[in-house]
Amino acid sequence: ILEQVGTAALVTAKADGEVNTMTIGWGTLGVEWAKPIFTVFVRQSRHTKKLLDKNGEFTINVPLKGTDRKAILGFCGSKSGRDVDKIKEMDLHLEQPDVISVPGIKEFPITLECRVVYKQDQDLSLLDEDKRLRYYAPNSANDGDYHTAYYGMVTKAYIIE
């Protein structure tokens, strides 16, 4: 899972009947509070953040090894769910979840169903200066657009057949 997340993954959120997915470049899988946790990092400006804050659940959707999903990842990483229905535009197929309310995506079949157990906004004053300048440079497009870390307890993990 971690090998594939490092090359291609989506985070999907749902609230008020709306489903949105976005490409993620950062994520960690580990154990905290004696539970499996996937931590996803979402910028403050993202539409997905609004849905995560409302519902508190998400799925991590990962393609199988060797599957080329560059077009989907490019589209879902460059378009906002505020402006376009990415699921419809990319002809993605939603799969019913087993435990939470957020669906998986058939085209990205490795699925982690997660429930947020903790979230925290980044404190840029605590971030290494090199990283701060690289990812949040003053007067850049990302100036002030820091991340929120969502710690999601993995409630179910499976591969969509």
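Start by selecting helix α2 (residues 47-55): its buried residues pack against β1, β2, β4, β5 and β9. Contact here means heavy atoms within 4.5 Å. Buried means under 20% relative accessible area, exposed means over 50%, and partly exposed covers what lies in between, with a 1.4 Å probe and protein chains only. Helices (H or I, at least four residues) and strands (E, at least two) are DSSP runs, numbered from the N terminus.

Before going further, some housekeeping. This is a predicted model, in which local features need pLDDT of at least 70 and side-chain atom pairs count only at pLDDT 80 or more, while totals for chains, interfaces and linings use all residues. Residues are numbered from 1 along each chain as its sequence is written, and side-chain values use heavy atoms, with hydrogens and water left out.

**Stop 1: inside α2**

Show side chains for H47, T48, K49, L51 and L52, the buried residues of this helix. Now center on T48, which sits in α2. Its relative accessible area is 1%, so T48 is buried. Leaving aside residues up to four places away in sequence, T48 touches V11, A13, N20 and M22. Two of these names come back in the strands: V11 stands opposite M22 in β2. Then move to the end of the helix, where G56 follows α2 with a positive phi near 75 degrees.

**Stop 2**

Switch to cartoon and select the strands of the open sheet. Which order do the seven strands take? They go β2-β1-β5-β8-β9-β4-β3, with antiparallel pairing; two strands pair if DSSP finds at least two bridges between them. At the edges you find β2 and β3 (27-32), each pairing on one side only. Direction ignored, neighbouring strands of this sheet are turned by 35 degrees against each other on average. Zoom in on β1 and β2: they run antiparallel, joined by six bridges.

Bring the helices back. α2 lies across β1, β2, β4, β5 (57-62), β8 and β9, and runs at about 55 degrees to β1. Helix α3 (residues 70-78) also packs on the sheet, where it touches β1 and β2, and its direction makes about 110 degrees with that of β2. For these angles, axes are lines fitted to C-alpha atoms, for helices over the stretch in contact, and the values run from 0 to 180 degrees between N-to-C directions.

**Stop 3: salt bridges**

Side chains of opposite charge can pair when their charged atoms come close. The rule used here asks for a side-chain nitrogen of Lys or Arg within 4 Å of a carboxyl oxygen of Asp or Glu. By that rule there are six salt bridges. Here are some to click on.

- D16 and K54: their side chains meet in a salt bridge at 2.3 Å, N to O. D16 is in the loop between β1 (10-15) and β2 (18-23) and K54 is in α2, so to look at the pair you link distant parts of the chain, 38 residues apart. Both D16 and K54 are exposed.
- R46 and D145: the closest N and O atoms of this salt bridge are 3.9 Å apart. R46 lies in the loop between β4 (35-43) and α2, and D145 in the loop between α5 (129-135) and β9 (147-159), so the pair ties together parts that are 99 residues apart in sequence. R46 is partly exposed at 35% relative accessible area, whereas D145 counts as buried at 10%.
- D53 and K119: the closest N and O atoms of this salt bridge are 2.9 Å apart. The pair links distant parts of the chain, with D53 in helix α2 and K119 in strand β8 (residues 110-121), 66 residues apart. Both count as partly exposed, D53 at 33% and K119 at 43%.

**Last stop: zoom out**

How many helices and strands does the protein have? There are five helices and nine strands, and from the N terminus on they run α-β-β-β-β-α-β-α-α-β-β-β-α-β. The C-alpha atoms fill a box of roughly 45 × 40 × 35 Å along the principal axes. Of the 161 residues, 42% count as buried. Among contacts between residues at least 6 apart in sequence, 73% join residues at least 24 apart.
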